[in-house]
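Reader: I am new to this structure and would like to learn how to read its features one by one. Could you show it to me and then take my questions in turn?

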Amino acid sequence: MEDKRANGDATTCNGHSKEKDVRVWCDGCYDMVHFGHANSLRQAKALGDKVIVGIHTDEEITKHKGPPVFTEEERVKMVKGIKWVDEVVLGAPYVTTLEVLDQNNCDFCVHGDDITMTAEGVDTYHLVKSANRYKEVRRTAGVSTTDLVGRMLLLTRNHFRQGSAEYDIEKEGSSNMGQDSAAKSPWTGCSQFLPTTQKIIQFSDGKSPNPGDKIVYVAGAFDLFHVGHLDFLEKASKLGDYLIVGLHTDPVVNSYKGSNYPIMNLHERVLSVLACKFVNEVVIGAPYCVTEELLEHFKIDVVCHGRTPIALENGKSDPYAVPKTRAIFELIDSGNEMTTERIVERIISHRLEYERRNQAKEKKEIEAFEALQRQKQTQKAG
């Protein structure tokens, strides 16, 4: 493994030598923060001690990429909620400079192995690459903000089909919006997200509750993990010492949400929730009704739900009847009005704008990829 402390020593006040913290800079739009962003930051953390995240302003994003889905305030809050992030800086330049690394005492910059360009087609990391202060981590295949916007615009259900077709990619009618990898560049095309136990282990903190810990349980879809979810989970975590989140299966979510929900399938939602710093554990495919067995198995002390309406199971049963009978049920007001449905409304209401954004992004990245291939061929010929 690479020595992440290769940048010299510092001296403590008592004269003893102490190795200097390695500070890693990551920057980006962080629009519609998803587990792909979190995975990149997790990998960056493994290369150093502290991860400092620079976030572009709305103005910069609009200039180079098109309008962001979320506001600056929302994007900052979401990044701060990721468990591997130590500091957040708003107003990061779109082209990463040596000055910004030095100003934030960062040793090097880390980014995924995809191409990012300015409006003029310039590699946004060319300056730090030239100075050998750039490291690359693997991009998470199968998810991107472009792809998630595409799922909402297409209103298809292919992203959560079950059984043998669960991870098939719908090809028909998708040439304009990022579902068909054959019609897209390698960078913006949607590839299959294949979950593994290793991925889940990497995202989990692996800690069990301590004896005597007060255990809090919440359940839901947590689709398109957003600031409303984040505020809710923060408040829920303050009711105890250990927070468990139950995630409903895709068919269950679809039964009470309808339309093409969930936008993200169960495995994607698991990683999104696990990346949240307030969450200790996730129950994958939790029962819709909170049962005696579930409460006993996890030794749950408090069960919470937000202010959103609670759908009855099969139109009859209150899913929280058991914890209510036990007098351990609490309603939480997150103080945030954001919902998954509101995000989709934002996208749909600006449909043409986001379609143009996605198409322009794809065109630039195809051109950059082709230029890179030509450069490699020239070098090989030489």
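Reader: How many bridges join strand β6 to β7?

Author: Strands here are DSSP runs of E with at least two residues, helices are runs of H or I with at least four residues, and both are numbered from the N terminus; two strands pair if DSSP finds at least two bridges between them. In this predicted model, strand β6 (residues 108-112) is joined to β7 by four bridges, and the two run parallel.

Reader: What should I know about the numbering and the values before going on?

Author: Residues are numbered from 1 along each chain as its sequence is written, and side-chain values use heavy atoms, with hydrogens and water left out. Since the model is predicted, local features need pLDDT of at least 70 and side-chain atom pairs count only at pLDDT 80 or more, while totals for chains, interfaces and linings use all residues.

Reader: In what order do the five strands of the open sheet stand?

Author: The order is β5-β4-β3-β6-β7, with parallel pairing. At the edges stand β5 (87-90) and β7 (134-137), each with a single partner strand, so one side of each is left without a neighbour in the sheet. On average, neighbouring strands of this sheet are turned by 30° against each other, direction ignored.

Reader: Which strands does helix α1 lie across?

Author: For such angles, axes are lines fitted to C-alpha atoms, for helices over the stretch in contact, and the angles run from 0 to 180 degrees between N-to-C directions; contact means heavy atoms within 4.5 Å. Helix α1 (residues 35-46) lies across β3 (23-28), β4 (50-55), β6 and β7, and runs at about 140° to β4. Helix α3 (residues 72-80) lies across β4 and β5, running at about 165° to β5.

Reader: How many aromatic pairs does a search of the whole structure find?

Author: A pair of aromatic rings is described by the distance of the centres and the angle of the planes. Rings of Phe, Tyr and Trp (its six-membered ring) pair if their centres lie within 6.5 Å, and planes under 30 degrees apart count as stacked, over 60 as edge-to-face and the rest as tilted. The search finds five such pairs. In one of them, the ring centres of Trp-84 and Phe-203 are 5.3 Å apart with planes at 85°, so the pair is edge-to-face. This pair links distant parts of the chain, 119 residues apart, with Trp-84 in the loop between α3 and β5 and Phe-203 in helix α7 (residues 197-203). Tyr-320 and Phe-329 form a tilted pair, 5.1 Å centre to centre with 40° between the planes, and both are buried.

Reader: Where does the charged end of Lys-324 sit?

Author: A charge sits over a ring if NZ of Lys or CZ of Arg is within 6 Å of the ring centre and within 35 degrees of the ring normal. The charged end of Lys-324 is over the ring of Phe-329, 5.2 Å from its centre.

Notes. Buried < 20%, exposed > 50% of the residue type's maximum accessible area, 1.4 Å probe, protein only.
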